[in-house]
Amino acid sequence: MTTVNLGMPRVRPPYASASSALMGADGFRDAAKGELQDDQLRANLAHAAGGIRTKRAKAVRELRDFQQLRSAGSALKWHVTDHLPELLEQFEEAFTAAGGTVHWARDADEANRIVTSLVRDAGSEKVLKVKSMATQEIRLNEALADAGITAVETDLAELIVQLAGDTPSHIVVPAIHRNRRQIQQLFRDHLPGAPADLGDDPQELTAAARRFLREQFLQMDTAICGANFAVAETGTLSIVESEGNGRMCLTLPSTLIAVMGIEKLIPTFQDLEVFLQLLPRSSTGERMNPYTTMFTGTQAADGPENLHIVLLDNGRSAVLSDPHGRSALHCIRCSACLNACPVYERAGGHAYGSTYPGPIGAILSPQMTGMEGEDNPNATLPYASSLCGACYDVCPVKINIPEILVHLRSRDVDERAEAGAKRNQWDAAMAGASKLMSSPGTYDAVVRASALIGRAKPRGNFSNLPLPMIGDWTQFRDLPVPRESFRSWYTKREKARRSADASNKEQK
Amino acid sequence: MSDAKTEILQRLRTALDQPRPNPITALEDVPRDYQGPDAKAETTTGIDKVLAALTKTLTEYGAGVQMVEEADVTDTIAELLDEGAVAVHAPDLPEAWLPSAQAQLVADHGSLDARSLDDVDAVITGCHTAIAMTGTLALKDDGIGGRRIISLIPDHHIVVVRPEDTVVGVPACVQRMREDDPSAAWTWISGPSATSDIELERVDGVHGPRRLDVVLIAPPAQGDQDAS
Amino acid sequence: MRIALMATCLADVMAPDVARSTVELLERLGHEVVFDKRQTCCGQMHTNTGYFREAAPVVRQFVDVFEPQLEDVDAVVMPSGSCAGAVRDQHALVARRARDADLEERAGRVSAKTYELSELLVDVLKVTDVGAYFPHTVTYHPTCHSMRFLKVGPRPLRLLRAVEGITVVNLPESDTCCGFGGTFSVKNAETSNAMVTDKANNVVKSGADFVVAGDASCLMNIGGKLARQGQRPRPIHLAQILNSTKENPFVPSSTLLGRAS
C-alpha cells in the first residue's frame, strides 16, 4: 500500500500487478521517437484515423438526440462509480441465479490463475478467444501458454496481431498500424492453409482467415471473452462485435469464461438503450454494429452449459480512489478519443506502452499502475498531449480527459516533491518563473531588458540554440528574437503623449 | 486467506471515501430526455414511413430487402433460396410463410449441431423487433427467432419481419425486450457480418452469414377495414 | 468603453506587435485602453504543466492587478484564446487547490469580465466591421482553446470576412491542433514537430499568404515551422489584420509576427 499526500493523507488501494501489460519499457517521448520515423505507420494511421473520424461525425450528426444520450451515458456511469460495491454484489447475485459462477480477482496474476484452472477443469488444451482488452491487460495468452494451453484469437485484427507476435495498437482496430500488403505477407507466411498466391485485397485476406477460423470454431469446446456491458439488475452480459466470431464463441463451446473489469457494469437492462446507441456510432461510425449479443446465464441447448465470469480489479480501485481522476473508469472503449487525437495519429498506439493507448490510455494507465518511482515510464503519459481537447469533444460519456491529464500532471509533480525526488530542470524552471511572475517589479525590469537579446541579432529569428528546453523548440522551428517589448513601447508612447500634452499646455 | 471479493469490495469502499466534487448521481436523476419509447417520433410516425426507413438502413448495410404481401412470403422465400439449397428454419414460423414445395426445408428442433449446420446453405427465421433507425433485427432465441446457433452458421440468412414488430428507435426495441423477457438470449443483427480490420475498409461476410435477406410483410392497406 | 489590456507574457516579450495592434485597434474604435505594468502572466504554463503550487502566486498576481480595476473598466481583454481560457477555466481551480477561498471568489469576478479579443469585439462592442484593410489572401487556423474551451465559434471569421480587400481561403484539416500545447512542444518535441509539420504543409496547401489565428503562441509554432522550411506564408494575429488600415497598412518585418516600422 502506498500513501500519497494530495493535501489529504490516506491509504490508496494497490496498483495493478507489475506483470500487467500496462507499461512500456520507455517513456512516451523516447517510444514515440522511433514510431515517428516509420513513414508507413504514419501513412497507415493517417488514412485509417482520418476515415473513421469522418464516418463517426456523420453517424453522430444523424442522431438528433446524441448530446442527450451523452448526458445520460455520463450520468449513468457516474452512478456506477458512485455505487460500485453495491452494484457488483447485485450483479453477482443475478448472474449466479441465472446459472453462472462469479470469480473475483484482485489483480492480473490472480485472474490468470483462475482462468487457467477453469480451462484445465474443462479439459481443454486449446481455447478460443474473443477480442478482449481485459485479457490483453493481464497477458492471459502468455499465462495460458505457460500452462501449456494455446489460445486462438478469433477477431481478425487480433489474429493478425497474434500471428505477427505483435501487440495491439488500437482499442477497436488492433492492427491499425498494418496495411493490406503487410497483412498479405503475414498470412502467406503464418496463416495455416493460406494459399501461397494469396492477394492483398481485404476481401481475399478476410476469406482466408474465415476458412482457418471456421474449423477452429467447430473443433473447440472452451472460449474466453470479455464483455462490453454487464447489467447489474439482471446479470446480463452484452457483447458488441462485427465479425460473428463473438457469436461463435458465445454459442458453440460448452464452457465460456468471461473476464471483465469491475467498472464495466451498467445499472439496469434499460440502460442498454443508451450505451448501444453511443458505442457503435462513436466507435466505428456505424448506426449499429453488425452483431450484439445479450444473454443472461446459461441457456438450455443454445449456448454454454458452464458459464464463468472473472471480475477483475487490477488497479481499478486505485483509479477509483482519486476523485479527480476516477471518471477514467467510465470509458466504454469506443476509441473515439484515439481516432480524434492528433498525438495518437502521429505517434501510434505502441508509443503509449500500454494495452490502453491514446488519450484514454494516457489517463487510465498511469492511474492503474501509479506514477511513482524514478523514471516511471507511465509518469510521462499525462504529458503526452497538447491538451487540444478533441478527445473530450467526442467522448460518448463525456470524460473530461484534458482536465484529468492536467490533474495527473499535478499529481506527478506533487508525488515527486513529497517523495523528496531530486529537482529536475522543469522543477527549477517552474519555481523560478513562478517567483519572477509574482514579483511585478523584477518582472517588469526583466521583460524590458529582454530587448538586449535582440541587439545580438538585429534581424530575423533564432534557429538552433544549444540551450535546455529552448533547444528542443529551435531544433525544429525558428523562434522570434525578443526586441522592444510591448510594455517598453507602451511606456514610451505614454511618455511622448504626456510631453505632448505638457507642451500643448505651455503653448496655451 | 482473505477472500478476493471481500478485499475488492473493501478497497472500493475505501476509494469512495474520497468524495468527488459533484454530488452522487441517483439513478432517478439520470437525464433521459433522449428519444425514448414514448417520444413523439416513436409513437406518431406512420408505418409506411417506418418501413421505408427500415428498408433504407437495411439496404445501406448490404442486406437484400423486399416488401411483399403476407400471402407472397412463401414464393419470395422460395425465390431467395438457391437452386437445391438446404435450409433450416426456426420451428414455430407460420406454416404459410414456408415454401411448401421445397423438400429440403428442415425445422430446427434443437438436435442440429454445429457440424451439421455447417452443411446447411440457408436459415429462415422471424424477428422479434426491427429498429428502423439503425437497420437492426432483434432476434429472441424462441421458436420464431430460433436458436442462436442456427442464424449464425449457415451462410445465408432470410428474416421475415412483420410490420407490427417494427419500431423507430433503439429504446422502443429495448422496451419490447424488457416487457417480454430480458433474460432470454437476444441477438441484434444489423446487416451481414463484417469487418473493417484491414485499413478500415468494410468487408462483408466474416464468420456469420455472408448474405442477409429481409422479407418485410406489407402493412394492411389504408381503408381495408372500410372495404370489408 | 474603458478596457484593461492583459497583454499576455508571451506577446509582451515574443510578439509585442500583437498587443500593440490590440491597443491601436481598440483606440481606433473609440475606446480607451489601459495597461497596468504590474501584470505578468495568467499562470497557464504552470497549471498545464502540473505545477499548481507554483501557479497559485502567479494567479494571485493576476487577480491582484485586475480585480481592483474592475470598478474602473468595462472589460479585460486578452489577445489569446488559451490565456482567456485559463482565466475562465483554471483560475478557480488553482485557487481551490491552494485552499484560498478569497482568491477563488475574486478570480471569479475577474473572469466574468475577461474576454478574448474576438469575443470582446463581437459580443461586447458589437462590431464585426472594424474598418480594416488587408489586401491579401489569408487562411484561418482556429486554435484549440479558442475553439473547444472558449467556443468563440465563427466570431474571428466574421471579423475577417468584413475586412476590405481580404481573401479568406479554406485551411485543410483546420481543426487539428498545431502541436504547440505549451510545454508539450518541448517535453514531446518530436511528436509536436510531426504535428506542426502537417499543419505547416496544410497552410502551404491552402495557397494563402498569411495564416491567421487568435493566439500568438500557436502562430509562433506554425510560423516558426514555416520559416524553418523556407515557406512563403507568414503567421499573423487577428489583431494585426484588424489593425491594418489603408492609412497604416500592416507590413511584416523579418521577425516572426513582427511589424516593419
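This is a predicted model: local features need pLDDT of at least 70, side-chain atom pairs count only at pLDDT 80 or more; totals for chains, interfaces and linings use all residues.
Over residues 4-87 of chain C, the chain is 55% helix and 11% strand, with the end C-alpha atoms 14 Å apart. According to the UniProt annotation, from an unreviewed entry, both stretches carry the label "domain: Cysteine-rich".

**A strand pair in chain C**
- Strand β7 (residues 210-213) of chain C and β8(C) run parallel to each other and are paired over four bridges.
- To get from β7(C) to β8(C), the chain goes through helix α13 (residues 216-229) of chain C, making a right-handed β-α-β crossover.
- Look for A213(C) if you want a landmark: H237(C) in β8(C) stands opposite it.
- In strand β8 (residues 234-237) of chain C, R234(C) and I236(C) point one way, P235(C) and H237(C) point the other way, and all are buried.

**The nonpolar core**
- The largest nonpolar core has 298 residues, and those touching the most other members are C225(A), V259(A), C337(A), I401(A), V212(C) and I241(C).
- Helix α4 (residues 52-66) of chain C is the top contributor to this core, giving eight residues.
- Setting aside neighbours within four places in sequence, V212(C) has contacts with V138(C), Y140(C), L160(C), I236(C), L238(C) and I241(C).

**How the chains meet**
- Two pairs of chains touch, and the pair with the most contacts is chains A and B.
- Between chains A and C, 54 residues of chain A are in contact with 57 residues of chain C.
- Several elements of chain A each supply at least two residues to the side that touches chain C, among them α1 (28-36), α18 (401-418) and α23 (486-507).
- That side of chain A is made up of 29 nonpolar, 11 polar and 14 charged residues.
- Chains B and C don't touch, and their nearest C-alpha atoms are 11 Å apart.

- Eight strands make an open sheet with mixed pairing, in the order β10(A)-β7(A)-β8(A)-β11(A)-β9(B)-β6(B)-β5(B)-β8(B).
- At the edges sit β10 (265-266) of chain A and β8 (166-167) of chain B, each pairing on one side only.
- Within chain B, strand β6 (residues 136-140) and strand β9 (residues 186-189) run antiparallel and are joined by four bridges.
- A138(B) has W188(B) in β9(B) as its bridge partner.

Technical notes: Residues are numbered from 1 along each chain as its sequence is written. Chains are lettered from A and ligands numbered from 1 in the order in which they are written. UniProt positions are given in the numbering used here, feature names are shortened, and annotations may be inferred rather than shown by experiment. A residue is buried if 20 or more other C-beta atoms lie within 10 Å of its own, exposed if 12 or fewer, and partly exposed in between; C-beta atoms are placed from the backbone. Two strands pair if DSSP finds at least two bridges between them. A crossover is right-handed if, with the strands pointing away from the viewer, the path from the first strand over the helix to the second runs clockwise. A nonpolar core is a set of buried Ala, Val, Leu, Ile, Met, Phe, Trp, Tyr and Cys residues joined through C-beta atoms within 7 Å. Two residues are in contact if their C-beta atoms, placed from the backbone, lie within 7 Å. Ala, Val, Leu, Ile, Met, Phe, Trp, Tyr, Cys and Pro count as nonpolar, Asp, Glu, Lys and Arg as charged, and the others, Gly among them, as polar.
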